[in-house]
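Let's walk through this structure together, moving from the inside of each chain to the place where the chains meet. Keep the 3D view open as you read.

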Amino acid sequence: MALLKSSKIISTVGVHPPLGVLSIRASSWWSEVQMGPPDPILGVSEAYKRDTNSKKINLGVGAYRDDQGKPYVLSCVRKAEAQIAAKKLDKEYLAIGGLGDFTKACAKLALGDDNEVIKSGRNITVQTISGTGSLRIGANFLSRFHTEARDVYLPKPSWGNHTPIFKDAGMQLKAYTYYDPKTCGFDFQGALNDISKIPEKSVIMLHACAHNPTGVDPRPEQWKEIADLVKKRNLLVFFDMAYQGFASGDIDRDAWAVRYFIEQGHNIVLSQSFAKNMGLYGERVGGFTVVCKDAEEANRVESQLKILIRPIYSNPPMNGARIAATILNTPDLYKEWLGEVHGMANRIITMRELLVANLKKEGSTRNWKHVIDQIGMFCFTGLKPEQVERLTKEFSVYMTKDGRISMAGVTSGNVGYLAQGIHAVTK
Amino acid sequence: MSLLKSSKVISSIGTFSPSLGVLSTRNSSWWGGVQMGPPDPILGVSEAFKRDTSPKKMNLGVGAYRDDHGKPFVLDCVRKAEALIASKQLDKEYLAIGGLGDFTKSCALLALGADSEVLKSGRNITVQTISGTGSLCVGANFLSRFHSASCDVYLPKPSWGNHTPIFRDAGMQLKAYRYYDPSTCGFDFSGALDDISKMPEKSVIMLHACAHNPTGVDPKPEQWKEIADLVKKRDLLVFFDMAYQGFASGDIDRDAWAVRHFIEQGHNIVLSQSFAKNMGLYGERVGGFTVVCNDAEEAKRVESQLKILIRPIYSNPPMNGARIAATILNTPDLYKIWLEEVHGMANRIIKMREQLAANLKSEGSTHNWQHVIDQIGMFCFTGLKPEQVERLTKEFSVYMTKDGRISMAGVTSGNVGYLAHGIHAVTK
């Protein structure tokens, strides 16, 4: 039957089939659906692709690159994949809460092998669809069961996706002072001041390490004061740990804040991602943990997490979890992984140092210490929107308008050119 | 610092011993009000099965295909695709929010057919999803946000258990239309038409494209045509759930016939697809969600909003299963093998149905077991009552859900005789 593309026709009961077809074809369920705003970060990548300048640099990318600017699949991952392939495992559904070998190891990685929480079985850890999936499960769980407060306090600024995650889950977004643009560092007093006013039982989101997007982390003494104040205010702590190992190069050091809070008696909720530290980006590997009062409570919470997860995706994807579990549970591979994570973190740190050294060499008199002090994949340069625009237009250096650059996109081959450009727009 | 397990201590402002502060928080709890949730009915069946020590025990609750030895089956084309993919040493960079392009294109092509006018005019948007559940969840949320004309979703009675919380958690209201006729163990066609004729305009109607879950009862083509007509007259938004394409009749195009007929008739449907069963990719979580739009411009607008919806749920979908499915769908040799394997799985199920009915006859049963053969797909609504199900489980160690549903996938040539024996015993 040929379908004619014609104008609207009033449908009538008992109508000749092609006319009936016309009346439906021209009507539409979705005519009111507006074109959504373009994704800001994707926009950067798309503009980068179109640029024909051979010296172009993409500093919007939120994924690690090696010193040749190429995506990096970890050797321990390749080995784990080979091991898994050799076993010829089936593809039966995982449990709703995911692969047990993965969730156990995931919790141990975050909390430490000897952690009292794990020993007493008072955590429930479920496998999730990477960090985003973990945050969303957490947000939905809070929305449904943390009835005392609707408010989630994010640091200012925070990862862009935190906002719609909590909003779509039905929570209200608020913020506390965090980044100090004057110093390109941590506004500790501002943060304490705001936290002291947060209503009891509100949820406070803390980035465990390598704050995204600023790269600015509290120092241990500052974390201690924050933990104290948060306890006094009786706030529910939600830790987002997307970069464990990737920040300092040391797994335990990057998890210090999380473990400290737990030791201090905070029954936290925690999101973990293995996208960056294991390079498992597209495999979508993550975990969501609720630290409960005791094992009995953990069982109740687990039952409700499953009820929440089942109508979203039933059970999580197996492949990435098998890889992560194999690495975490095989001593040789675990050792190799620690070495590779350390290597990635080191390359980033080296690029930070090279960038600052090159800026000095260019003759810049500005204080660029924050480039070295900040930690993790991102660096809040302090560049203003106009300077960012010039950097992009004149030098084909692509980054987000807020002056954030991904250090992962910097290589020993392009750091000199980058310094040149930054100096040119800031002198 | 040792943590004392002691009773509550009133916390006070101002400094105090850290261990006391620890106590006051340790014994307090955020989750004191969280109730233990009801156990999953189907999981309960599997758990009871595991505990049973009878060597003749059968698990007919399982919603996954089993071969004739009762073992999970990984398709040969899947293994070949995996080897191909492994040899390419691909990276693990994020997929786009909407998923792997090679997958979504071939996913839509599989459902709609090569000569689909929809595909030619680019008026569909198809995104990769976390299998069928993920697809339904994205769809339910999209409807909830953008189909402001109605909050009501009409499910067939009965429907897959998870449909209800999916739509409810997305903010839709659940309603039902008659579907299964317990007196015939077949389709209540006039009951369905009657209920559909009363649905308020612009409501959402959920249709199972083939191999209705849990009953195995599908409308015949002439019945589908009347349903399509009536749904058009009522101006309803059609949501097709196609979780078993190829797995029902053994023929990909035949199983997609209803979906394609509705589209040809001018219904701009939304469609969920799963590759869990037909490609055996269960735990890899491979699926698709399609919106058939007015034109390509509308498809772009819808796509932008789907991405905005998906990003705060999981950012972008898992790559592995989609790469496998795309490789199979886009590699002629593998596609051919796949069609045969899907046909093989469907055939084994059909044979088990025939053998079960035959064995029941030879046991001496005088009941009409025609429905066991007429029903299609993985599941069979036996017509057994709860008390009979209970006896079957207690006396014969045959495990199934209380509604009398059995998974034909759990039946083998080795156990079909025993199953018939048990069913006859509790129904004679």
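A salt bridge here is a side-chain nitrogen of Lys or Arg within 4 Å of a carboxyl oxygen of Asp or Glu. By that rule, the count between domain 1 of chain B and domain 2 of chain B is zero salt bridges. Before going further, please note that this is a predicted model, in which local features need pLDDT of at least 70 and side-chain atom pairs count only at pLDDT 80 or more, while totals for chains, interfaces and linings use all residues. Residues are numbered from 1 along each chain as its sequence is written, chains are lettered from A and ligands numbered from 1 in the order in which they are written, and side-chain values use heavy atoms, with hydrogens and water left out.

Let's stay with chain B for a moment. On the domain 1 side, B:Ile376, B:Phe379 and B:Phe381 supply 36% of the area buried against domain 2 of chain B, more than any other three residues.

What about polar links between the domains of chain B? The rule finds four residue pairs in polar contact across this interface, both residues at pLDDT 80 or more. A polar contact is a pair of N or O atoms within 3.5 Å; within protein, one must be able to donate a hydrogen and the other to accept it, and residues adjacent in sequence count only if both atoms are side-chain atoms. Helices (H or I, at least four residues) and strands (E, at least two) are DSSP runs, numbered from the N terminus.

Now turn to chain A, where the assignment gives domain 1 (40–72 + 345–425) and domain 2 (93–329). The contact takes 17 residues from domain 1 of chain A and 19 residues from domain 2 of chain A. The centres of these two domains, taken over C-alpha atoms, are separated by 29 Å. Between them, domain 1 and domain 2 of chain A bury about 1400 Å², 67% of it on carbon and sulfur atoms. Zero salt bridges are found across this interface of chain A, and four residue pairs are in polar contact there, both at pLDDT 80 or more.

Next comes the meeting of the chains. Here 92 residues of chain B are in contact with 92 residues of chain A. The area buried between chain B and chain A is about 7800 Å², of which carbon and sulfur atoms give 57%. B:Trp30, B:Trp31 and B:Lys92 supply 13% of the area that chain B buries against chain A, more than any other three residues.

How many salt bridges lie between chain B and chain A? The count is eight. In one salt bridge, the side chains of A:Lys91 and B:Glu82 meet at 2.7 Å, N to O. The rule also finds 42 residue pairs in polar contact between chain B and chain A, both at pLDDT 80 or more. The largest share of the side of chain B that touches chain A, eleven residues, comes from α12(B). That side divides into 41 nonpolar, 27 polar and 24 charged residues.

Finally, B:Lys92 returns in a salt bridge with A:Glu283 (2.7 Å, N to O). This pair crosses between chains, from the loop between α3 and α4 (101–112) of chain B, which holds B:Lys92, to the loop between β9 (269–273) and β10 (286–291) of chain A, which holds A:Glu283.

Key: Domain bounds come from an automatic or database domain assignment. Contact means heavy atoms within 4.5 Å. Buried area is the accessible area (1.4 Å probe) that two parts lose on being put together, summed over both. Ala, Val, Leu, Ile, Met, Phe, Trp, Tyr, Cys and Pro count as nonpolar, Asp, Glu, Lys and Arg as charged, and the others, Gly among them, as polar.
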